[in-house]
Each structure stands twice: as structure tokens, then as C-alpha cells.
Amino acid sequence: MGVTDRPLTTPLQIPAFAKINLQLGVVGLRPDGYHELRTVFQAISLHDTLTIERVRRPGIDLAITGARLDPGPTNLVWRALEAMSEALRLPGGWRVRLEKRIPMAAGLGGGSSDAAAALLAAARLARRPLAFERLMEIGSSLGADVPFFLVGGRALGVGRGDEIYPLESGAKRSVLVVAPAGIDVSTPDAYAWLDRKLTKAAPPHKLWLSCALSWSRGDADLRNDFEAVVFDRYPKLRQIKRRLLQAGATGAALAGSGSAVFGLFRNPAQARRAARQFLEDQVFIARTLTRAEFDRAAGAPR
Ligand code: C5P
């Protein structure tokens, strides 16, 4: 190890949790080209792991296991750390290990969550004050889903999905995530498919909002506007949703714009039993996370 490689801090290990959307309403196209959303995010226990430390050598040394991903400037973790060095005027650089478990192009927010975990870890390791609002702004500049992963638990997302309002966490549920092999859905493509269906009629903003808020009172109906267009292109995903419901899920839906599909269960034993039906797919048994659990694990500065 050369002088410049020497760590400035001890390594910090931080989980980057996945999310599901209990509701995903796309209510219209915005002037900035993004879509106006009414969504309810829910953090789940499935996670990637980041191990991160500050080193004397400037630059970002990122190593990734568990997935083939660019460890360079196109990676959201890399961009998150660069933004933090700049915002806090930090000397030196970063050494990061990212262990991927969350499947990619699955609608589970893995890349955005990794970026948010890097922001939270960097804020702790920097030991310099940074307002939480500023962290949210940096998150939002990296991706529309990143701000949610700075808050965790259950939350309403409006605007591009980056305006976050925390909701009550509700009863704990087990979550069976089914990620079918060989189906990757590109998010921009899914939005383009949806654009052809969006009507010019006034979007039901109020309806979506009242449905979203019912998730703060307990379990409500799962809804996802992407299902109509994504299930038509990938009938296997519709079939997975049906099978989850037949296997006893209290609700099942596409995760984000897909391709993962999840089912909610009252307890882990039911989720494990249902998982046996999906031998040819990748499955994960997880549970919903409250904000307090999220804060404890991720060390959110609130
Ligand atoms: O913000 P992020 O880079 O995660 O978004 C990925 C893509 O999803 C955007 O380039 C855009 O095409 C689409 N998107 C959208 N409206 C949103 C969020 C994402 O159109 N509210």
C-alpha cells in the first residue's frame, strides 16, 4: 500500500435496500420530459452492501461483485461520491466495494439505492455538516428514485417521484420477489409504451392521491399503471402475478416498470411455501422495512 492509498477513515459498511411500489400512478407527461407520478414506495429488506472509506489518494476506486457493471463515471455510486466530494470540498478520495444482490433492470431501484447509500455513508464519513435538504437535492440530481432511498420506510412520491412525503409504515408484511431470468425491462421504454396510452383527458390526480394516502392507514389495493403495457409485451409476468395470488398472496404487482413481480404475504412461512412454485426463476424472500429499521441500518442523518 502506497502513502496515497492510506485510509483516512475506517471502512463503513452500509446496506442499500430495494423498494417495491405499492401504488404507481403515472398521471401525465411533464414539460421537462419526465412523467408526473403519484407513487407509494416501500423499502424491503433485500439489499446490496457497500463498504466505503475515505483514502488520501484523490479519485474513486470502485470494485463491484455480483454483477457486471461499469465501475467508472457512468456508475451512480461513482457519481454520488464525486458530488459529495464537491459539495463538501473534501480532500482525498474514496475506496468502495459494492456487493450486488438486487437484480438489475427489475424495477427494484437497486442502482438508485446504491447511490443513496453512498450519499449517506459519505455524509457520515466526511464529518462535515450537510443539510438533509441538500442531500435530497444531490440525490434528486442523480435520479428520480434516489431521494426515496434517503428516507426509506413507506413514503408517498409525487412530481418525478423525487418529492417525498413519509407515510406510516403499516403492518409488517413478507414479500416474495420473483425476478424472471431473461426479461429486462428498460424504464425509458416502459414510459414510452405508456405514453401511447396516456389520454389527454384530465388525469385523476385526486383519485391517485386519496388511494396513495390510504396506504398510510394500513393495507390498501396494489396498483401499477405499467402493468397494462408491460404485461402485454411479457405475458409471463402476468402469469407470475396470477400464480402469486393463487399461492395465497394478499396482493401481487409488477415492481416499478418491471421485470420483477412481487407478492405480499402475512408471514414468511407462506412466502417460502409460495416460492416453491417458481423453481425456474430467481426468487427472494424479504419483508417490509419500517423507517426506524431503515434509519438504524442505513444511518440516515435525521
Ligand atoms: O431519473 P432516472 O434516471 O432514474 O429515470 C430513468 C428514466 O425514466 C428517465 O430517463 C425517464 O425516461 C424515465 N422517467 C420518467 N418520469 C419519471 C421518472 C423516470 O419519464 N418520473
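This is a predicted model: local features need pLDDT of at least 70, side-chain atom pairs count only at pLDDT 80 or more; totals for chains, interfaces and linings use all residues.
View 1. Helix α2 gives the most, with four residues. The lining is made up of Pro15, Ala16, Phe17, Ser113, Ala116, Ala117, Leu120, Phe149, Phe294 and Ala298. By class, nine of the lining residues are nonpolar and one is polar. No charged residue takes part.

**View 2. The largest cavity holds about 30 Å³ of space.** Rolling a probe the size of a water molecule over the atoms shows where empty space is left. Searching the whole structure turns up one cavity of 30 Å³ or more.

**View 3. Helices α7 and α8 cross at roughly 115°.** Helix α7 spans residues 226–233, and helix α8 spans residues 235–246. Their axes come within 5 Å. On the α7 side, the contact involves Glu227, Val230, Phe231, Asp232 and Arg233. They meet Pro235, Leu237, Arg238 and Lys241 in α8. The residues of this contact divide into five charged and four nonpolar, with no polar ones.

**View 4. Domain 1 meets domain 2.** The domain assignment places domain 1 at 3–168 and domain 2 at 174–287. Their centres, taken over C-alpha atoms, are 23 Å apart. At the interface, 30 residues of domain 1 are in contact with 38 residues of domain 2. The two domains bury about 2700 Å² between them. Carbon and sulfur atoms carry 66% of that area. Leu22, Gln23 and Leu24 supply 20% of the area that domain 1 buries against domain 2.

How values were computed
Residues are numbered from 1 along each chain as its sequence is written. Side-chain values use heavy atoms; hydrogens and water are left out. On a 1 Å grid over the protein atoms alone, a cavity is a set of points where a 1.4 Å probe fits but cannot get out, and a pocket is an open set with protein on both sides within 12 Å along at least five of seven lines; lining residues have an atom within 4 Å of a point. Grid points are joined across faces, edges and corners, and a volume is the space filled by probe spheres set on the points. Helices (H or I, at least four residues) and strands (E, at least two) are DSSP runs, numbered from the N terminus. Ala, Val, Leu, Ile, Met, Phe, Trp, Tyr, Cys and Pro count as nonpolar, Asp, Glu, Lys and Arg as charged, and the others, Gly among them, as polar. Axes are lines fitted to C-alpha atoms, for helices over the stretch in contact, and angles run from 0 to 180 degrees between N-to-C directions. Contact means heavy atoms within 4.5 Å. Domain bounds come from an automatic or database domain assignment. Buried area is the accessible area (1.4 Å probe) that two parts lose on being put together, summed over both.
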